[in-house]
Amino acid sequence: MPATAASVSPQAAYEWSSRDSGEVLELDHFSGNPPPPTPALPYGPGDDGDDGEAESRPVGNAVLGMLLFLGTDAMFFAALIGAFIVFKYGALDWPPLGQPRLPVMVTGANTVILLASGLTMFQAYRRIRRGAAAGLQKNLALTALLGTTFLLIQGYEWIKLLGYGLTLSSSVYGATFYTLIGCHALHVAGAVLWLLVVWWRATQGRFTAARHTAVLLCSMYWYLVVLLWPLLYLLVYLN
Amino acid sequence: MAHAHPISADELKQRRLFGEIFSAVMIVTGMLFVLLTLLIRPESGLLARLAFGVAALVNGILTWRKPQKWLGTLPLLYGTLWAVWGLQQGISTPSLLGFADFLVGFFFLVGGLGNLAEHHPHGFIGTHLISMDHKMIGKQFLTLGLLMMILGGGFALLFRWQLAYPDKPLPLIGASAQFLESGEPKTGMDKLWMEWLQKDESEQNWLAKNMPMGAVAPAFYNSLFTMHATIMIFFVVMPILIGCFGNFLIPLMIGTRDMAFPVLNMLSFWVAVASGVVMLAGFFVPGGHAAAGWTSYTPLAANAAWTGVDMGQVLWSFSLIVLGVSSLMGSINYITTIINMRAPGMTLFRMPLAIWSLFIVAILLLLALPVLTSALAMLLFDQTLGTSFFNVAGGGEPLLWQHLFWFFGHPEVYILILPAMGLASEILPVFSRKPIFGYRAMVWAMVAIAFLGWIVWGHHMFQSGMNPRLGTTFMISTMLIAVPSAIKTFNWLGTLWGGSIRFTVPMLFALGFVSMFVIGGLSGIYMASTPVDMFIHDTYYIVAHIHYVVFGGSIFGIFAGLYYWFPKMYGRLMNATWGKVHFWLTFVSFNCTFFPMHILGVGGHMRRIANPLQYDFLKQFQGMNEFITISAFVLGFTQLIFAVNFVYCMFKGRQVESDNPWRANTLEWVAPTPPPHGNFMATPTVHHGPYEYSVPGRETDFVPQTEKAAVPAGH
Amino acid sequence: MLDWLPENVSTYGSRIDFIFHVIYYLTASVFVLVSATMIYFLIKYRQREGRPATYTHGNATLEWVWTSATTVAMFALAFASKPLWGEIKQQRPPAEVEVRVTGKQFNWQILYPGPDRQFDTADDYQIDNDLHVPVNAVVHVHLNSLDVIHSFFVPQLRLKQDAVPGHNITAWFQATKPGVYEIPCAELCGFGHSGMKGTLYVDTPEEYEAWKLQTWPPAPAAEAAPADSAGAANPL
Ligand code: HEA
Ligand code: HEA
Ligand code: CUA
Ligand SMILES: [Cu+2]
C-alpha cells in the first residue's frame, strides 16, 4: 500500500504522549475540521476563476453540524405539534369532559423563567466572546439554575395532574399532553446536563475569547429548547 | 511509533475523542443504571443491573482521559454479556426493557473494541471493525446491505412460492402429498412434522408455528412481505446507496481526507447494526414478527388484539427509531462535509452529480426521518403504554398515521432513487466519452424532485376517505413530478447522443437503470390519476410499480455503481464476462418477474393476499402467478453469480494496473488505489467540471478535474 | 394489456376505463419513444475507431421543449381526471337504495334499512357478506368499520373505498348488468385479510322483488304470505 502524506507528525506524536497530562482538547479542535487548504494555484486556462470558493467557510463543522441537528429536532417537534393540532381542533370539546384543565398561571410564570434563562445564556456567550471567564461562569450557573427550576415546577405540576387523573392512557388529550410536553421536558433535562458539563469546564478555565465552541454549541441547543416553549405554551395551555 | 504503515494524526485524535466520549457515557450510564434500578426495582435482574451500573461507573471514572489498555477493554467483556443477556431477556420474556439492555451492552461492546483499536490502530479490529475511515465504513455498510439482501430476497422467494402454489408444502422440507391425504407419514420429513405438530402451541418449534407441514401460514405470509419490504428498503437499499456510496464517494469525489465527523460516522454504522439485530430478533419472539405491512397502517398495527402480533410489532417500531438515529448521524455528516470540506476549486457547480444527489438526499433524510420517528414514537406508545393516538375508541385518529407516515414515506422513495440517479449520471458520461447533457438542468431537476416530493404524500391515500378536493391537488402535484423526471430521462438520452459508447458492465447496468426507471415512473402516472387509482390501488399494479422503480431503479443503480467503483474500493477488477452474464440474466428474469404484475393489477389482483385461489375472479391468473414465481427464483439465483464474482474478485480478481482504469475525470480516480488514510497524496485543486470528455484538440479524451487544461470557460 | 380488465358493469366504470386507456396510450408512446431513441443511439453511437464523441454540454432549446411538453401532457391528464373524480366522490346522485356496510375482521356486515327505508328501526335486516341490489339503481353504500381499516372493492364496478373505523364514508354505484360479483377486502386487515370477501348480487327487478319478499315477508294476515317460513321470520 502506498504511503500517505498524512503520516504521524511529531506534533501528533506529542499530542499522543501528552494525553495523560490532562491537556484539554476542544471538541471542535478535532471533530474533523477540514485539511489546511493548500493555497489555490494560479488559475489555468479555462478556469472560471472561482477556485477560491471552497476555502471560504462561513461556519465551522461543529456549528454547522449543530445547526443541522437543530433542524431535525425542529422537524421532530413539528410532527408532534401537527398531531396535537389535529386532535385539538378536531375534537368536539377540548379538553374532553372529565379531564382536568391545565395550570395556566403557574406555567405562565414558568414560561417567564425559561425565557429568562435564554437571556442569561445569551449573556454567558457574550461574556466569553469578550474573554470574561468569570461572567461566563456566573451566567452559565444562573442559566442552569433557571432551567432546573423550570423542570422542578413542571414536575410538581405533573404530579398534581396525575393526581387529578390525567394520564397517558386516560385520553388522547393526556397522551398528546405528556408526549409533547414530555419530549420538551426531556430536551430541557438533557440541555441542563450538558450546561452543567460546560459550566464545570468553564470553572476549570477551559474557555477563552478565542476558543469557546462548546459554549456556542450548548447555547444554540438551549435557544431551541427555550424558543420552542412559548409556542407549546400557547398551543397546549391556552385555548 | 513504528507501524506497518503510518497512521494519520487526525485519526489518532478521532480515536482519542471516542475514548473520551465512551468514558463519559460509561459514567453517565453507570449513574443512570444505579439510580433507575433503585427507583423502579424491576423484579427481574435487579442485582445484575446494579452490578452492571456500578461496574460501568467505576470503569468510566478510572479510564476518564487516561488510556488504559485493559481497563478500557474490560467493557467489551461485560458489555457482550449484557447484550446477550438483554437479547435473551427481550426475546423470551418478551420485554422492550431487555432490548434496551441489549443496546446498552452493544454500545459497551463497541466501546471496548474501540479501546483495543486505539492501542492497535493497525490490528484487524482497528482497520476493519472500529474503523474511522470513511472508505472502510462504506464497505461495512455494503457488507451489511448485501447480507441483508439475501434475507430480504429469501423471504420474497418464500412467499412467492406460496402465491404460486398456495398452501402447498415446500419441496424438501415440506410434508409429502400422500401424507397430507392419507395421514400416515412416508418420508423422514413427514415423521418430523408429525411429532412437531403433535406438541401443543407453547413448545412447538419455530417451523411448526410458522409453516405447518412446510406451507406458509397466512399470518406468517403477512410477516414475510412486511419484513421483505422493511429489510429491502431500510437495510439493503439505504445502507448500500447512502451508507456505502455516500461514505465511500463523498470525501473522495470532493477531494478531502475524510468525513467531517469520523466518530459519528463510525457510530452510525454500529447503530445501524444494533437496529438490525433488534429487527431480526423479532422473528423469534412469541407471536411472530410484525405483520402489518411495511406501511404499518393503524389501528391494525397499534393493537395486538387485531394483528395477533404483540412484541414483533413493537420491535418493528423500536428498531426503526434506532435506525433513524443512525441515518441522522450519517446525513449530518454528509451535509457538513459537502458544504465545508470541498477541495480548493471544487465549487458547488463543479461537483459530480453523484455528490449532488447524495447532498440532496441527506437533506431529505434530515427533514423526513424525524417525522417518521415521532410517528413511530406515538405508535410505540399506543402499542405499549395504552395511549390511543390512532385508536378511535380512545378518541384517536387512524388516518393521522397515514398522513405522518407518507409525509415521511414519499420523500423516502425519492431517497431511494436519487442516489441511483446520481450514480447513473456518473457512469453514462464516462462510457459515452462525452460530457453529461445539461449538467445544470440535471441538478435543478433533482432539486425539483426533492422539493415536489414533500407535497405529494396524499397520493397514497386517495381511497382512504381523505377529502376528495385534497385528492385533486395531490393528483396535480404528483403528476408534476413527471416533469423533472422527464428532464433527467431525456438528458440521459442526450448524453448517449453522439457519444462513443462502450458497453462495459457498469454501463449496461446504468442503461438498464434508465429504461427500467422509465417503466416504473410511467406506471406511477396511472396511479397519480385519482379515478384510475380507485381501481388499481392496492392491486399488483402497485407492486409492479414498486419493483420497477426500486429494483429496476435503485438496485440496478447499485449494481452499476458496484461494478464501476469496485476497482477503487478493492484495487481489483470484477470479472467482466460473468458481470455481463449477471446483467443479462438479471435484466430478463427481472422483467419476466415484474412485468406480468402489471397485468395482474389490471385484472384486479389485490396485493397482500396469501392465497389468490380464494377468489373466483383471480383463478384465471394462477398460471401467471406460477410464471412470476419461477422467474423470481431465476432472478434470485442469478444474484448468486454476482455474489461469487464479487467475493472472489475481492481477493483474487485481476489487479488494476492504473489508478484510473475507466479513464474518468472525477477526483476519486486521482487518488492511489485503494486510497490510503487521508485519500490524497496532497489536497487536490480542481480546475473545471467533472464531465470534460472528448475535449477537441487533445490527445487524451478525458481531462481529470485536477488538470489545468484548456476547457471552455464555465465548465 | 388492458384486455385483462374485468368486465365493467358500472356507470362511471366505462369512463374510468377511458382515462385508463388514454394514459395507457400516452405512456406507451412515451416508452416506445424513449426506448427506440435509446436503442437507436446505442447502435449508431457505439464505439468505433476514429470517430470521437461530439463535445457538447447540452442544448437549452431541447430542455425547454421536453420540459414544457411534459408539463402540458401532465396538466391535460390532470384536468381529464378531475371532473370524473368529482362525480365519483363529490356529487353523488340521490340514493334509490341505501345500505350500511361495516367491516369487521373478517367479514362485511351488511345492514338493510328494510321496507320503511329507515335505518335503526325494527325492520332493519343484517346479514354477513350478502349484498343484494337492483340493477340500474343508484346505490349508496355507507361504509364504516368496527376494528381496523378494510377496503370495499368490487373490481367489475371499478369501485374501491376504504372503510375506516370512526369515519362514515359513503360510496355509490349504479350497476348496469345483473350478475353475481365478489367484494374482496382490499386493505390489509390482519391474518384473515386474504379470503375476506362478500358477494354482490345485482338482481333483475323480479329477482330483487323475490329476495325482498323472503327477507321481509308481509304480515301473515295477508293471504299471499308463503306459509311457515313467514310465520317464523315475522315477529307479529
Ligand atoms: C424509488 C422509489 C419510487 C419512485 C422513484 C416513485 C416514483 C413515482 N411514484 Fe411511486 N411508489 C413507490 C416508490 C416509488 N415511486 C412505492 C414503494 C410505492 C408503494 C408504497 C406502498 O403502498 O407500499 C409507490 C406508490 C405510488 C403511488 C400510490 C399508489 C397506490 O397505493 O394507490 C403513487 C400514486 O400516485 C405513485 C406515484 C409515483 C409517481 C407519479 C412517481 C414519479 O416520480 C415518476 C416520474 C417518472 C416518470 C414519469 C418517467 C420518466 C419521465 C418521462 C419519460 C417523461 C415523459 C412522461 C410522461 C409524459 C408521462 N407511487
Ligand atoms: C428495495 C426494495 C425491494 C426489492 C429489491 C424487492 C425484491 C423483490 N420483491 Fe418486493 N417488495 C418491496 C420492495 C422490494 N422488493 C416492497 C416495498 C413491497 C411492499 C410490501 C408491502 O406490501 O408492505 C414488496 C412486495 C413484494 C410483493 C407483494 C407481496 C404482497 O403484496 O403480497 C412481491 C410479490 O411477488 C414481491 C416480490 C419480490 C421479488 C420476487 C423480489 C426479488 O427481486 C428478490 C430477488 C433477490 C434475491 C433473491 C436476493 C439475492 C441475493 C443477493 C443479491 C445477495 C448477494 C450477496 C452477497 C454479495 C454476499 N415484493
Ligand atoms: Cu378486511 Cu382486508
Ligand atoms: Cu409516493
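User: How do you know that no contact joins chain A and chain C?

Analyst: Contact means heavy atoms within 4.5 Å, and even the closest C-alpha atoms of chain A and chain C lie 13 Å apart, with no contact joining the two chains. This is a predicted model, in which local features need pLDDT of at least 70 and side-chain atom pairs count only at pLDDT 80 or more, while totals for chains, interfaces and linings use all residues. Residues are numbered from 1 along each chain as its sequence is written, chains are lettered from A and ligands numbered from 1 in the order in which they are written, and side-chain values use heavy atoms, with hydrogens and water left out.

User: Which chains have the most contacts among the two pairs that touch?

Analyst: Chains B and C have the most contacts of the two pairs. Between them, 101 residues of chain B are in contact with 80 residues of chain C.

User: What makes about 7700 Å² the buried area of chain B and chain C?

Analyst: Buried area is the accessible area (1.4 Å probe) that two parts lose on being put together, summed over both. The value of about 7700 Å² therefore covers both chain B and chain C, and 72% of it is on carbon and sulfur atoms. B:Tyr526, B:Met534 and B:Phe535 supply 10% of the area that chain B buries against chain C, more than any other three residues.

User: Why is the meeting of B:Arg608 and C:Glu187 called a salt bridge?

Analyst: The term requires a side-chain nitrogen of Lys or Arg within 4 Å of a carboxyl oxygen of Asp or Glu. The side chains of B:Arg608 and C:Glu187 meet at 3.9 Å, N to O, so the pair qualifies. Across the interface of chain B and chain C, the rule finds one salt bridge.

User: What is B:Leu418 in contact with, leaving aside its neighbours within four places in sequence?

Analyst: The residues in contact with B:Leu418 include B:Ser357, B:Ile360, B:Met446 and B:Ala450.
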